[in-house]
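Welcome, and thank you for taking a look. Let us walk through this model together, one region at a time.

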Amino acid sequence: MARPVVTRLVLWGALVLLLALPPLVQGLGADFAVGVATRVLIFALVGVSLNLILGYGGMVSFGHAAFFGAGAYVVAILAQHDTQGEPLVTWPIVIDGTQSALIAWPAAMVVSALLALVIGLIALRTSGLYFIMITLAFAQMLYFLFISLRAYGGEDGLSLFARSAAGPLDLADDVHFYYLVLGFVLLALWIKRRLVASRFGRALRGIRDNERRMQALGFPTFRYKLAAFVMAGAVAGLSGALIANQTEFVSPSFLDWQRSGEILVIVILGGMGRVYGPVAGAVAFLLLEEVLSAWTDHWMLVLGPILVLVVLFAKGGIWSLIERGETTDG
Amino acid sequence: MADPLLEIEGLSKAFGAVVACDAVTLSLREGEVHAMIGPNGAGKTTLLGQLTGEIRPDAGRIRFAGEDVTGLPEHARAGRGLARSFQVTSLFSRFTALDNVALAVQAQAGHSFRFWRPAARETALVAPARAALARVGLAERADVPAAALAHGEQRQLEIAMALASGPRLLLLDEPTAGMGHEDSGRMIALLSALKAEGRMTILLIEHDMDVVFALADRITVLVYGQTIATGVPEEIRANSEVRRAYLGEEAAA
Amino acid sequence: MLLVLEQVLNGLQLGVMLFLLAAGLTLVLGIMNLVNLAHGSLYMIGAFVAAGVVRVTDSFLLGLLAALPAAALVGMAVEVVALRRLYTRQHLDQVLATFGLILFFNELVRILWGPRALFMDVPHWLSDTVEIVPGAPYPAFRLAIIVVGGAVAGFLYWLVRHTRLGMLIRAGASNREMVGALGVDIKRLYTLVFGLGAMLAALAGVMAGPIYAVEVGMGEPVLIVAFVVVVIGGIGSVRGSLVGALLVGLVDTLGRAFLPTLFRAFLAPDTADGLGAALASMAIYVLMAAVLAWRPRGLFPAHG
Amino acid sequence: MMLTVEGLETCYGESRILFGMALEVDAGEVVTLLGRNGMGKTTTVRSIMGLVRPRAGRIAFEGKEIAGLPSYKVAQAGLGLVPEGRQVFPNLTVRENLLATARAPDGRRVPRWTLEAVTRLFPALGERRDAYGDQLSGGEQQMLAIGRALMTNPKLLILDEATEGLAPLIRAEIWRVLEALKAEGQAILVIDKNLEALTRIADRHTIIEKGHVVWSGDSVALAADRDLQSRYLGV
């Protein structure tokens, strides 16, 4: 499908801007902006993962922060064991801690994916409001679990001594880290575009639009939903691993329900079921937060009503303003 | 005579105190068009729901192609060649006509755990889908989103989706409901053509007597969840009980 | 044994407070099909108004009398201004918009009463203890909460079962279009129900005041637990909410009180305490997951 | 005229159902709306009741314009609906179904229709007063839906397919009730397919085809015209 000129201009413009951002802001003496941009991109990535199940699969998960937070904790816990020199597990095999990104980050994805598998197996049997609530409940369970894990900081959280080691990349350098995150986001977007257009993606979108009919056509819909749920969990886990490195700190607040709410806001604000929507949503939401909080301490007094207005009047989110006239399944 | 393709035995279903389906027994021969008629609320749609597996019967058995399918879930029945069209048009409204049918093809093409190749470029999906669209006369409208099709065209698309799965038994729930004269004439012509091909068995649930008498080999009359008669159209026309109960007292007056 | 009795009473006390919140939630959900995350804000507003009035007048009753209508008014105003437009929207939109309302109300309360937690004393006429069984004194205030909660449950039962308003509420839950077509202004009915729910939430907030801290954000944790109650009980069922609330209250309280001790029987004290505390705080969610795995529409699924 | 409908046009989304529909019911009159399935009968009723907003046209009840009013105001003006598919409240008992939306007209102390009056009309409902709506048989549900509409003491009663799917005995009972109501001067608009009974009870008939009126006239004319019957009603 040929994209309209405006969309293409916005996409290329955004890409150029993102690539040129570090030298640009450093030139302006606003180094801190690299960190802000990295944070925006990490939230864009977790938004992309939620969008897969929410926007394309119609699954309203109100517990996505569980996977995000779990990924963050995996990195932090492995790092803690490494610095303390204590193995994570001694039986039946010895598993040592690690600070290597090559091990810790995939581990974060695997753990989050497994978590999504277990939660999905139970939650996906319900639908509608019950699904919203059961995903929320699982996230809360995990939240309270980490609060009570005093060995890993309990309520106070856990600090990382350093960012993960990633071969030739020096992640301690904000610019290196930024480009790595940007790479992940672009990769995820590319994969998602392919995925959504594939047989699997088509089945998923069919389920979103009319699950009953999909079953009548002969699709065992549960499996496809579960597969998407697990994939989204894995990517959220990776985002969590990145945020742990970005802030060099994790705490239970990474997986509380307000975090889940924010991720939902990012996806909806940007545009559900639109590949680039979550990126637009993350940029808008986090920048709005930055701007408003710089303007007044009581910025939430403004942000709250903005959300209500967005829901009431801006259906389809930011991306639909850019992509006007295109089908939502592009 | 060959074994029946579909055998229903003593199928019953009640919703609260309302008995929608009361020990219905029925068998469909391979290759016939069998019409099921009866007033609204006679239990036709409930019967259909039990055949597709969407509603669990309280009692009774359903055998399809020699196999007991009573306990099978909906998708497994569809996989065995039982396809249905919906009474209320139930399409994927954001998908194009072609993609709607391609989805039906995909359902029958084994699992959909293929994550990388764009489905829109897979000939294995697109070619049969185009063929099915052509069969129902919608070839020209392939790229129009389903929501933008006219009502009659949406019903044609429903049929195309059912055909695309290459079914052995096609369950048609009021295919001409809400259609004008012209559209329903086109639908009758389409269904006659399918019947002439002789590759499919059709169970037709219909209100419109014109459609029923134009297409059916045999007719079953369902009233208050019970079958009160089964026979060829002439027998049904002549059956006084049927005239009284369904065609209405007024017809006998 | 006395300890168990005390903890059971504590569980009941938590249960009835949860019920007050859950009753409003489940009515609004069952009838208007609205997920209102901001219900917890009404609980908070109730507590703050009461604490504010008590600080000035030193009268708990006046605080209560001010808090209930204040919360009802705020609730009805929010319904008319914003929520009314959301009834026909998807749950997702409702979740998002009411999430926005939470941010708004939390900030508003912070501006009005400042960021520090307020403290509210137990009214002096309820500050004593009562000996339920000899040798087991129990705070009169907590006992009063149980009694008030029980009375409200009885009142709600009467309201829903035996009054015309209750019939309309139930009728509206099953077929709102038909209720309108028979001549009832369903919008006004909705606003009324919303006000009632807000008042119940505020009542819970006022009673929570002397027990827990009155602080910004106090509504959210308890709101999530109230949702757990609603889901366990079955959406739309007041009776289900009562059963669910007592169940959740007991499981949570008894779990916190006894799980660590239980684990000490066969684990090292340190591990036992940690594991016991972790499991206790997760217990109600485990309960909910188990109930839903067993009955996907809750214990008392509503009709239709 | 009690009810006057003129030039009514109603659409569902993009698809237009009514094209200049017109209809009149006078006080004390029984009027039918006939036509095959899908011709716009129920849409006409829904438009009158304010359940869908017509795109154009006039609906006047006792001289007052009611088009575009919310449905509860239309009902309060004196229209009592017995909807298609009965739609009794499944989670209310028979008694509660009757009482929940009951209404006495202004200025009358004892309304014509009370719980007692309705159970006298339908003794079956009296026997099952404590059964829930979803525990009733189809016939009982239908009687309940009629009783529920009567409890609003309407000036005009509207019945949408009130005998559909019912056993002949129960149909006969419903026709008997309508005749009794007519005898005491109740205005009624009926949608049904049962021509024989309708020609007996109704004063005038309106045949609708694809959203507009193709014929209207009295029972004698309709009964005499077999061609009309087969062309538009499929009899």
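Helices (H or I, at least four residues) and strands (E, at least two) are DSSP runs, numbered from the N terminus. H5(B) covers residues 151-164 and reaches 20 Å from its first C-alpha to its last, close to the 20 Å expected at 1.5 Å a residue. That expected span is 1.5 Å times one less than the number of residues in the helix. After H5(B) comes Gly166(B), which has a positive phi near 60 degrees.

Before going on, a word on the ground rules. This is a predicted model, in which local features need pLDDT of at least 70 and side-chain atom pairs count only at pLDDT 80 or more, while totals for chains, interfaces and linings use all residues. Residues are numbered from 1 along each chain as its sequence is written, chains are lettered from A and ligands numbered from 1 in the order in which they are written, and side-chain values use heavy atoms, with hydrogens and water left out.

Staying in chain B, you can find an open sheet of six strands with mixed pairing, in the order S6-S7-S8-S3-S9-S10. Its edge strands are S6 (82-85) and S10 (226-231), each of which pairs on one side only. Two strands count as paired if DSSP finds at least two bridges between them. On average, neighbouring strands of this sheet are turned by 15 degrees against each other, direction ignored. For such angles, axes are lines fitted to C-alpha atoms (for helices over the stretch in contact), and angles run from 0 to 180 degrees between N-to-C directions.

Now look at strand S7 of this sheet. How many of the five residues of S7(B) are buried? Five of the five are, so S7(B) is largely enclosed by the rest of the structure. Leu169(B), Leu171(B) and Asp173(B) point one way from the strand, and Leu170(B) and Leu172(B) point the other way. S7(B), residues 169-173, runs parallel to S8(B), residues 201-205, and five bridges join them. Within S8(B), Leu203(B) is the bridge partner of Leu171(B). Four bridges join S6(B) to S7(B), and these two also run parallel. There, Leu82(B) has Leu169(B) in S7(B) as its bridge partner.

Strand S9(D), residues 204-209, is joined to S10(D) by six bridges, and the two run antiparallel. Ile208(D) stands opposite Val213(D) in S10(D). Elsewhere in chain D, Pro123(D) lies in helix H5 (residues 123-127). Pro123(D) is partly exposed, with a relative accessible area of 43%. Its C-alpha atom is separated by 9.9 Å from that of Met143(D), 20 residues apart along the chain.

Next, turn to chain C and its helix H1. The 31 residues of H1(C), residues 2-32, should span 45 Å at 1.5 Å a residue, and the end C-alpha atoms are 44 Å apart, which agrees. H1(C) has a kink of about 25 degrees, centred on Leu21(C). The bend at a residue is the angle between axes fitted to the seven residues ending there and the seven starting there. H1(C) is mostly covered, with 23 of its 31 residues buried. Just after the helix, Asn33(C) takes a positive phi of about 55 degrees.

Finally, consider the aromatic rings. Over all chains, a search of the whole structure finds 25 aromatic pairs. Rings of Phe, Tyr and Trp (its six-membered ring) pair if their centres lie within 6.5 Å; planes under 30 degrees apart count as stacked, over 60 as edge-to-face and the rest as tilted. Tyr73(A) and Phe146(A) have ring centres 3.9 Å apart and planes at 10 degrees, so this pair is stacked. Both Tyr73(A) and Phe146(A) are buried.

How values were computed. Buried < 20%, exposed > 50% of the residue type's maximum accessible area, 1.4 Å probe, protein only.
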